[in-house]
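Please look over the structure shown below before reading on. The notes that follow are grouped by topic.

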Amino acid sequence: MTADEAAGLLGIDRRSVYTYVQRMEGFPQPSKIGRTLLFERQALLDWRAKHPARRKRDSPPT
């Protein structure tokens, strides 16, 4: 998956994907082909299962 696709899958901004790659320990590391970063879908899903999305402060409870 591209960084854009990974961001959509995780429900985060594309810039956050790049930040997570550089700064967040345990975040799935991409393979690099040329200048393109490619992520394994299952690795991202496994990571998300261990790190549930935080609810936005202004969002009503579900």
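Which backbone oxygen lies 2.8 Å from a polar atom of the side chain of Arg-48? The backbone oxygen of Leu-10 does. The model in view is a predicted one.

**The chain as a whole**

- The chain contains three helices and two strands.
- Read from the N terminus, the order of these elements is α-α-β-β-α.
- The chain has 62 residues, and 23% of them are buried.
- Of the contacts between residues at least 6 apart in sequence, 36% join residues at least 24 apart.

**Helices H1 and H2**

- Helix H1 covers residues 3-10 and helix H2 covers residues 14-23; their axes come within 8 Å of each other and cross at roughly 100°.
- On the H1 side, Ala-3, Asp-4, Ala-6 and Ala-7 take part in the meeting of the two helices.
- On the H2 side, the residues they meet are Arg-14, Val-17 and Tyr-18.

**Salt bridges**

- Two salt bridges are found in a search of the whole structure.
- One of them joins the side chains of Asp-4 and Arg-14, with an N to O distance of 3.6 Å.
- This pair links distant parts of the chain, since Asp-4 belongs to helix H1 and Arg-14 to helix H2, 10 residues apart.
- Asp-4 is partly exposed, because its relative accessible area of 47% falls between the 20% and 50% limits.
- Arg-14 is also partly exposed, with a relative accessible area of 41%.
- A salt bridge also connects Arg-15 and Asp-13, whose closest N and O atoms are 2.8 Å apart.
- Arg-15 has a relative accessibility of 61%, so Arg-15 counts as exposed.
- Asp-13 has a relative accessibility of 37%, so Asp-13 counts as partly exposed.

**Arg-48**

- Arg-48 sits in helix H3, which covers residues 41-50.
- Arg-48 is buried but has no salt bridge.
- The nearest side chain of opposite charge belongs to Asp-46 and is 11 Å away; a salt bridge needs the nitrogen and the carboxyl oxygen to be within 4 Å.
- The side chain of Arg-48 does have a polar atom 2.8 Å from the backbone oxygen of Leu-10.
- A polar atom of the Arg-48 side chain also lies 2.7 Å from the backbone oxygen of His-51.
- Leaving out residues up to four places away in sequence, Arg-48 touches Leu-10, Ile-12 and Ala-53.

**Tyr-20**

- Tyr-20 is part of helix H2.
- Tyr-20 has a relative accessible area of 22%, so Tyr-20 is partly exposed.
- Apart from residues up to four places away in sequence, Tyr-20 touches Ile-12, Phe-27 and Trp-47.

**Thr-2**

- Thr-2 lies in the segment before H1.
- Thr-2 is partly exposed, with a relative accessible area of 29%.
- When neighbours within four places in sequence are set aside, Thr-2 is in contact with Leu-37, Leu-38 and Phe-39.
- Thr-2 and Arg-14 are 12 residues apart along the chain, and their C-alpha atoms are separated by 9.7 Å.

Methods: Residues are numbered from 1 along each chain as its sequence is written. This is a predicted model: local features need pLDDT of at least 70, side-chain atom pairs count only at pLDDT 80 or more; totals for chains, interfaces and linings use all residues. Side-chain values use heavy atoms; hydrogens and water are left out. Helices (H or I, at least four residues) and strands (E, at least two) are DSSP runs, numbered from the N terminus. Buried means under 20% relative accessible area, exposed over 50%, partly exposed in between (1.4 Å probe, protein chains only). Lys and Arg count as positive and Asp and Glu as negative; His and the chain ends are not counted. A polar contact is a pair of N or O atoms within 3.5 Å; within protein, one must be able to donate a hydrogen and the other to accept it, and residues adjacent in sequence count only if both atoms are side-chain atoms. Contact means heavy atoms within 4.5 Å. Axes are lines fitted to C-alpha atoms, for helices over the stretch in contact, and angles run from 0 to 180 degrees between N-to-C directions.
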